[in-house]
Amino acid sequence: MSQRVDQINRILKLQRQLHRLSEWVLISLDQKDRTLVENQERVLTSLSGGDLALHDRFIRNASRRLKTIASEQSRIQETRQCVRAGLQRQERMMEVTKRQLGQMEREESACEEKRQLEVVLDAMLSGVEASLTQAHDRTIRKRQDANREP
């Protein structure tokens, strides 16, 4: 039974590691998204004012850059949604595993208590049997002695 508890503990440990990894991926995606938003704001600020805003070539490059940023943001958001769904699934799996572990530990504890009770009962019964055996032996001796005296 304790092997099963150990296995469930290992599974729970692995699930926690996967959960932390998913959280780290979400943080990384959020940082990339913030960087893209900052880049987008810089490009838009450059377009809204300055001497370069009047040049067609600069506008074309800025437009391409904005499209690239928008597509990267879209990709990041899709990835973020997938990771978030995976994270929620992992959280549910961890809860199920925790419940299983708790149940296994309760069962193991009950089995151990039962074993200890059996040991105590066996010890008590052995003592009672010994005292009954001694009383029986005394009764037999008394009878034998009574039979010898006439």
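Where do Glu-95 and Lys-98 lie, and how many residues apart are they? Both lie in helix α2, 3 residues apart, which is about one turn of the helix. The views below come from a predicted model, in which local features need pLDDT of at least 70, side-chain atom pairs count only at pLDDT 80 or more, and totals for chains, interfaces and linings use all residues. Residues are numbered from 1 along each chain as its sequence is written, and side-chain values use heavy atoms, with hydrogens and water left out.

**View 1. The salt bridge of Glu-95 and Lys-98 in helix α2.** The side chains of Glu-95 and Lys-98 meet in a salt bridge at 3.8 Å, N to O, a salt bridge being a side-chain nitrogen of Lys or Arg within 4 Å of a carboxyl oxygen of Asp or Glu. Side chains of opposite charge can pair when their charged atoms come close. Glu-95 counts as partly exposed at 40% relative accessibility, and Lys-98 is partly exposed with a relative accessible area of 34%; here buried means under 20% relative accessible area, exposed means over 50%, and partly exposed lies in between, with a 1.4 Å probe and protein chains only. Helices (H or I, at least four residues) and strands (E, at least two) are DSSP runs, numbered from the N terminus.

**View 2. The salt bridge of Arg-115 and Glu-112.** The closest N and O atoms of Arg-115 and Glu-112 are 2.7 Å apart, and both residues lie in helix α2, 3 residues apart, about one turn of the helix. Arg-115 is partly exposed, with a relative accessible area of 45%, and Glu-112 is partly exposed as well, at 35%.

**View 3. The salt bridge of Asp-30 and Arg-80.** The structure holds 3 salt bridges, and one of them joins the side chains of Asp-30 and Arg-80 at 2.6 Å, N to O. This pair links distant parts of the chain, with Asp-30 in helix α1 and Arg-80 in helix α2, 50 residues apart. Asp-30 counts as partly exposed at 25% relative accessibility, and Arg-80 counts as partly exposed at 22%.

**View 4. The largest nonpolar core.** Seen here are the 7 residues Leu-26, Leu-29, Leu-36, Ile-69, Ile-76, Val-83 and Leu-87. Helices α1 and α2 each supply at least two residues of this core, and the largest share, 4 residues, comes from α2. A nonpolar core is a set of buried Ala, Val, Leu, Ile, Met, Phe, Trp, Tyr and Cys residues joined through side-chain atoms within 4.5 Å.

**View 5. Gln-77 and Asp-33.** Gln-77 and Asp-33 are 44 residues apart in sequence and 8.3 Å apart in space, C-alpha to C-alpha. Gln-77 has its place in helix α2 and counts as partly exposed at 33% relative accessibility.

**View 6. A nonpolar and a positive surface patch.** Leu-14, Leu-18, Leu-21 and Trp-24 make a nonpolar surface patch of about 430 Å²; Leu-14, which lies in helix α1 (residues 2-48), counts as partly exposed at 48% relative accessibility. Arg-57, Arg-60, Arg-64 and Lys-67 form a positive surface patch, and Arg-60, placed in helix α2 (residues 56-148), is partly exposed with a relative accessible area of 45%. Patches are made of residues with over 30% relative accessible area and no salt bridge, like charges being joined within 9 Å and nonpolar side chains (Val, Leu, Ile, Met, Phe, Trp, Tyr) within 5 Å.

How values were computed:
Areas by Shrake-Rupley, 256 points an atom, 1.4 Å probe, with all protein chains shown as cover. Lys, Arg positive; Asp, Glu negative; His and termini not counted. Charge placed at Lys NZ, Arg CZ, Asp CG, Glu CD.
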